[in-house]
Amino acid sequence: MGGIIYIYSHLFQIIKYYLSGLICFATDFLVTGLGISMLGLPPYVSHGIGWLVATGCNFQLNRMWVFGDQGRVRWKFMAFVALALFSLVCSTALLYLLNQIVGLPFYFAKLCAMLTVSLMNYLVVSRFIFVNRDFANLKKTHA
């Protein structure tokens with residue numbers, strides 16, 4: 001019975017993770033689009049600015065809503081930003097590859113790159129940054 005509770009709780013957390021990601025994804029696309037269309041910024045500069053805004057939003061949503069974490073905020077923020085920077089490099093490289101090499105439209109390539117990198121991010125964030133001790137203890141006792 002405990003294993004079912006663990007799975008249910010973990011799936012609920014994953015759903016919240018992707019909902020918060022969807023909010024930040026929309027924020028990223030909005031900022032990117034506004035930078036390109038209203039400010040006339042180059043697409044990759046707008047991509048970086050959108051990423052910065054979305055990263056701050058994503059950290060707060062993950063910390064407070066998804067993982068309910070209150071401890072060691074400074075360390076967790078630095079770890080989150082380090083992961084986000086690595087993810088930015090990966091998503092930008094993938095965006096370039098899909099857009100410039102494969103020939104996909106910019107926004108579709110951005111969508112593909114962000115979806116690909118988001119799975120890696122969840123695995124790292126849930127296991128190393130916002131470790132929920134209740135989930136970890138429940139997993140150990142019902143393994």
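User: How many disulfides does a search of the whole structure find?

Analyst: A disulfide is a covalent bond between the sulfur atoms of two cysteines. The working rule is a pair of cysteine sulfur atoms within 2.5 Å. In this structure the search over the whole of it returns zero disulfides. This is a predicted model, in which local features need pLDDT of at least 70 and side-chain atom pairs count only at pLDDT 80 or more, while totals for chains, interfaces and linings use all residues. Residues are numbered from 1 along each chain as its sequence is written, and side-chain values use heavy atoms, with hydrogens and water left out.

User: Is cysteine 24 buried or exposed, and what about cysteine 57?

Analyst: Burial is read from relative accessible area: under 20% is buried, over 50% is exposed, and anything in between is partly exposed (1.4 Å probe, protein chains only). Cysteine 24 has 3% and is buried, whereas cysteine 57 has 25% and is partly exposed.

User: What does the secondary structure of the protein chain come to?

Analyst: Elements are DSSP runs numbered from the N terminus, with helices (H or I) of at least four residues and strands (E) of at least two. Here there are five helices and zero strands, in the order α-α-α-α-α from the N terminus. Of the 143 residues in the chain, 34% count as buried.

User: How should I read the contacts along the chain?

Analyst: A contact means heavy atoms within 4.5 Å. Among contacts between residues at least 6 apart in sequence, 72% join residues at least 24 apart.

User: Which residues make up the largest nonpolar core?

Analyst: A nonpolar core is a set of buried Ala, Val, Leu, Ile, Met, Phe, Trp, Tyr and Cys residues joined through side-chain atoms within 4.5 Å. The largest one has 10 residues: Tyr17, Phe59, Val66, Phe67, Phe80, Leu83, Tyr122, Val125, Ile129 and Phe130. H2, H3 and helix H4 (106–129) are the elements that each give two or more residues to this core, and H4 gives the most, with three. A separate second core of five residues includes Leu95, Leu98, Ala109 and Ala113.

User: What is leucine 83 in contact with?

Analyst: Leaving aside neighbours within four places in sequence, leucine 83 is in contact with Met120, Asn121, Val124, Val125 and Ile129.

User: Which residues are buried in H2?

Analyst: Among them are Ser46, His47, Trp51, Asn58, Asn62 and Arg63. Threonine 55 also lies in helix H2 and counts as buried, at 9% relative accessibility. With neighbours within four places in sequence left aside, threonine 55 is in contact with Phe80 and Ala84. Just after H2, glycine 68 takes a positive phi of about 55 degrees.

User: Where does lysine 16 lie, and what does it touch?

Analyst: Lysine 16 lies in helix H1 and counts as buried at 14% relative accessibility. Not counting residues up to four places away in sequence, lysine 16 touches Trp65 and Val66.

User: Which side chains meet in a salt bridge?

Analyst: The rule asks for a side-chain nitrogen of Lys or Arg within 4 Å of a carboxyl oxygen of Asp or Glu. The count is one salt bridge: aspartate 28 and lysine 110, at 3.2 Å from N to O. Aspartate 28 lies in helix H1 (residues 2–37) and lysine 110 in helix H4, so the pair ties together parts that are 82 residues apart in sequence. Aspartate 28 is buried, with a relative accessible area of 3%, and lysine 110 is buried too, with 1%.

User: Which residues form a nonpolar patch on the surface?

Analyst: Patches take residues with over 30% relative accessible area and no salt bridge; like charges are joined within 9 Å and nonpolar side chains (Val, Leu, Ile, Met, Phe, Trp, Tyr) within 5 Å. Areas come from the Shrake-Rupley method with a 1.4 Å probe, and for residues only the protein chains shown count as cover. Tyr44, Tyr96, Leu97, Ile101 and Val102 form the patch, with about 490 Å² of accessible area together. Helix H3 (residues 73–102) supplies the largest share, four residues. Tyrosine 44 lies in helix H2 (residues 43–66) and is partly exposed, with a relative accessible area of 33%. The protein chain exposes about 8,500 Å², and carbon and sulfur atoms supply 74% of it.
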